[in-house]
Amino acid sequence: MLKRLLLSLSINMKYTYYSFLIIVSLFLTSCGGIKPVTGSSTADKSLALKSIIASHKNAEPNFNTLAGRMYVSYEDEKKSQGITVSLRMQKDEKIWIKASLLGVTIAKALITKNSVQYYETIGNTYFDGDFALLSKWLGTDIDFNKAQAILLGQSVFDLNANNYSSIIVANKYRLQPKNQPGDYFFSLLLNPDTFKVSQESVSQPSEKRHLDVHYGQYQLVDNQTFPTNIQVNTNDDGKKTKIEVEYRKLDLNPSINFSFNIPEGYSPIEL
C-alpha cells in the first residue's frame with residue numbers, strides 16, 4: 001500500500017491506482033514569509049508522558065482557512081519527477097488540492113470528513129467515494145483527521161498516556177504503543193522545543209513494508225507552527241521510493257473557495 005500511495009507523483013502514473021498519494025503525501029505543504037523555529041531545548045527526563053502528549057496536542061495550529069503552494073519531487077529506482085501543488089484547507093472540514101505541470105492542471109482532489117473526490121485530466125477519469133472504500137482499497141485505515149494531521153505535523157495516531165510509553169532518544173521524545181497493533185510497528189519522535197513531529201515510522205514486517213516520514217525545521221506563520229519541508233521514504237519489499245516537499249508559500253485565514261466539479265465525459269475509476 002505504501003508504495004502505491006507514493007507512486008502517484010509520477011506523470012506516468014497509473015491514475016486509477018495511485019491517485020490517493022496526492023491526497024495524503026502532498027498535504028505536507030506550503031510556506032512563505034515565515035520565521036524558522038530555532039529553539040535549542042533539551043528533552044526533560046522528568047517530564048511526564050501525559051504532559052508530553054498534552055504539549056503535542058497544544059502545538060496544533062489554530063486557524064480557519066489556509067492557502068499555499070509547494071514543489072514536490074518524487075524519485076524511485078526508475079524515474080524522478082517534480083510537480084507543483086496548490087493547497088487550500090478549511091480546518092476540520094475540507095482539503096482541496098490541485099496538481100499542475102508547466103502551469104497545466106493534471107489533477108484535482110476535494111476531501112471532506114465524509115467524502116473523497118478526485119479527477120485527473122490525462123486519462124479523463126475520476127473517483128467519487130468515501131474513506132471507507134479507500135481504506136479497503138489501500139489496506140489501511142485512512143480518514144480525514146489523519147490526512148489533516150500529516151499536513152500540520154501532528155501524529156496520525158491517537159496518543160493516550162495509558163497506551164503509550166516514552167523514552168528520550170537523540171534529545172527527542174520517542175513515543176510508541178505499549179502493545180503494537182497487530183502486525184504493525186509504530187514509533188514517533190517529538191521535538192523538545194516545539195513538541196511537533198520530528199519523525200514518524202510505520203512498518204509491517206510480514207509484508208516487508210516500511211514508511212519513514214521526516215519533518216525538517218519548523219517555522220512560525222502568524223505565530224502558528226508549521227513544517228517547512230518533509231521527506232517521505234518507503235521500502236516495499238526492497239523497492240524504495242522517496243518524496244521531498246519544498247514549502248513555497250503559506251497564507252492563513254484568506255478568503256478562498258473550494259470549487260470542485262468533475263468534468264463531463266470523464267469515466268469513473270473502478271476500484
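At the start of helix α6, a side-chain oxygen of Asp 143 reaches to within 3.2 Å of the backbone nitrogen of Asn 145. This is a polar contact, that is, a pair of N or O atoms within 3.5 Å; within protein, one must be able to donate a hydrogen and the other to accept it, and residues adjacent in sequence count only if both atoms are side-chain atoms. The model shown here is predicted: local features need pLDDT of at least 70, and side-chain atom pairs count only at pLDDT 80 or more, while totals for chains, interfaces and linings use all residues. Residues are numbered from 1 along each chain as its sequence is written, and side-chain values use heavy atoms, with hydrogens and water left out.

Let us stay with α6. Helices (H or I, at least four residues) and strands (E, at least two) are DSSP runs, numbered from the N terminus. Is α6 enclosed or exposed? Seven of its nine residues are buried, so the helix is largely enclosed by the rest of the structure. Buried means under 20% relative accessible area, exposed means over 50%, and partly exposed lies in between (1.4 Å probe, protein chains only). The buried residues of α6 are Phe 144, Ala 147, Gln 148, Ala 149, Ile 150, Leu 151 and Leu 152. After the helix comes Gly 153, whose phi is positive, near 75 degrees.

I turn to the nonpolar cores. A nonpolar core is a set of buried Ala, Val, Leu, Ile, Met, Phe, Trp, Tyr and Cys residues joined through side-chain atoms within 4.5 Å. In soluble globular proteins, nonpolar side chains tend to be buried together. The largest core in this model has 55 residues, and Leu 66, Ile 95, Leu 175 and Phe 226 touch the most other members. Helix α6, residues 144–152, gives the most to this core, with six residues. Another core, of six residues, lies apart from it and includes Leu 110, Tyr 119, Phe 258 and Phe 260.

Next, the strands. Two strands pair if DSSP finds at least two bridges between them. Strand β2 (residues 65–76) and strand β16 (residues 239–252) pair in the antiparallel sense over 11 bridges. Leu 66, already named in the core, has Leu 252 as its bridge partner in β16. Strand β15 (residues 229–236) also pairs with β16 in the antiparallel sense, over eight bridges, and here the partner of Asn 233 is Lys 242. β15 and β16 form a hairpin with two residues between them, and Asp 237 in the turn has a positive phi of about 55 degrees.

Two loop residues deserve attention. Pro 61 lies in the loop between α4 (49–58) and β2; at 1% relative accessibility, Pro 61 counts as buried. Which residues does Pro 61 contact, leaving aside its neighbours within four places in sequence? They are Lys 91, Leu 152, Lys 196, Gln 224, Thr 225 and Phe 226, where contact means heavy atoms within 4.5 Å. The C-alpha atoms of Pro 61 and Gly 153 are separated by 9.3 Å, although these residues are 92 residues apart along the chain. The second residue, Thr 194, is found in the loop between β10 (185–190) and β11 (197–204). Thr 194 is buried, with a relative accessible area of 13%, and its side chain reaches the backbone nitrogen of Lys 196 at 3.2 Å.

Finally, the aromatic rings. Rings of Phe, Tyr and Trp (its six-membered ring) pair if their centres lie within 6.5 Å; planes under 30 degrees apart count as stacked, over 60 as edge-to-face and the rest as tilted. A search of the whole structure finds seven aromatic pairs. One of them joins Tyr 119 and Tyr 266, edge-to-face, at 5.8 Å centre to centre with 90 degrees between the planes. Tyr 119 lies in strand β6 (residues 116–120) and Tyr 266 in the loop between β16 and β17 (267–268), so the pair ties together parts that are 147 residues apart in sequence. Both Tyr 119 and Tyr 266 are buried. Tyr 164 and Phe 186 form another edge-to-face pair, at 6.4 Å centre to centre and 85 degrees between the planes. Tyr 164 is buried at 7% relative accessible area, and Phe 186 is buried at 2%. Tyr 119, Phe 260 and Tyr 266 form one aromatic cluster.
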